[in-house]
Amino acid sequence: MKKVYLAVLLLAVCILLCAFEQYTVENTYKTTTQYIDTACTYAENENFEEAEKICSKLTAYWDKKYPYLSAMIDHGMLDEAGATIYSLEEIAHNKGDELTDELITAENQIKIIREN
């Protein structure tokens, strides 16, 4: 009987971990896309100072979520998205015209992470 209880307990832990993973990935996707959409709006209006602030917040948020995501998701995809996210602040600081394109790239990379 103890084996049954242990099996049920392990199954419950697995289900909770799966739910935590889905919640974390979905929440990260929503928050990062909000930051990206806001920065994109500022970049399109050529307000690079505000876009840089939003990109800085996005970088800080990514740094906060990365340890959790790296425990659940392929590091290659995360590193690729992280490299793009880390470059956004510098591009905004330099008032680069390619900021909008890089923001869209970051959003697409995060969407792929969510779908996988």
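The structure is a predicted model, in which local features need pLDDT of at least 70, side-chain atom pairs count only at pLDDT 80 or more, and totals for chains, interfaces and linings use all residues. Residues are numbered from 1 along each chain as its sequence is written, and side-chain values use heavy atoms, with hydrogens and water left out.

**Confidence**

- The chain averages a pLDDT of 89, where pLDDT is the predictor's confidence in each residue, from 0 to 100.
- A score of at least 70 is reached by 100% of the residues.
- Among the elements of the chain, helix 1 has the highest mean pLDDT (91) and helix 3 (residues 75–93) the lowest (88).
- Helices here are DSSP runs (H or I, at least four residues), numbered from the N terminus.
- Where pLDDT is low, predicted coordinates should not be read in detail.

**Salt bridges**

- Side chains of opposite charge can pair when their charged atoms come close.
- The rule asks for a side-chain nitrogen of Lys or Arg within 4 Å of a carboxyl oxygen of Asp or Glu.
- By this rule there are three salt bridges.
- R114 pairs with E26, with the closest N and O atoms 2.8 Å apart.
- R114 is in helix 4 and E26 in helix 1, so this pair ties together parts that are 88 residues apart in sequence.
- R114 is partly exposed at 35%, and E26 is partly exposed at 27%.
- K95 and E49 form a salt bridge at 3.3 Å, N to O.
- K95 sits in the loop between helix 3 and helix 4, and E49 in helix 2 (residues 48–72), so the pair ties together parts that are 46 residues apart in sequence.
- K95 is partly exposed at 44%, and so is E49, at 43%.
- E50 and K53 meet in a salt bridge at 3.4 Å, N to O.
- Both E50 and K53 lie in helix 2, three residues apart, or about one turn of the helix.
- E50 has a relative accessible area of 27% and is partly exposed; K53 is partly exposed at 48%.

**Cysteines**

- A disulfide is a covalent bond between the sulfur atoms of two cysteines.
- The test is a pair of cysteine sulfur atoms within 2.5 Å.
- By this rule the count is zero disulfides.
- For C14, the closest cysteine sulfur is in C18, 6.7 Å away, which is too far for a bond.
- C14 is partly exposed, with a relative accessible area of 45%.
- C55 is in no disulfide either, as the nearest cysteine sulfur, that of C40, is 9.6 Å away.
- C55 is buried, at 1% relative accessibility.

**Surface patch**

- L6, L9, L10, V13 and L17 make a nonpolar surface patch of about 470 Å².
- Patch residues have over 30% relative accessible area and no salt bridge; like charges are joined within 9 Å, and nonpolar side chains (Val, Leu, Ile, Met, Phe, Trp, Tyr) within 5 Å.
- Areas come from the Shrake-Rupley method with a 1.4 Å probe; for residues, only the protein chains shown count as cover.
- L6 lies in helix 1 (residues 2–44).
- L6 is partly exposed, at 49% relative accessible area.

**A buried threonine**

- T100 lies in helix 4 (residues 99–115).
- T100 is buried, with a relative accessible area of 18%.
- T100 touches C40, A43 and E44, not counting residues up to four places away in sequence.
- Contact here means heavy atoms within 4.5 Å.

Notes
Helix = DSSP H or I, 4+ residues; strand = E, 2+ residues; numbered from the N terminus. Buried < 20%, exposed > 50% of the residue type's maximum accessible area, 1.4 Å probe, protein only.
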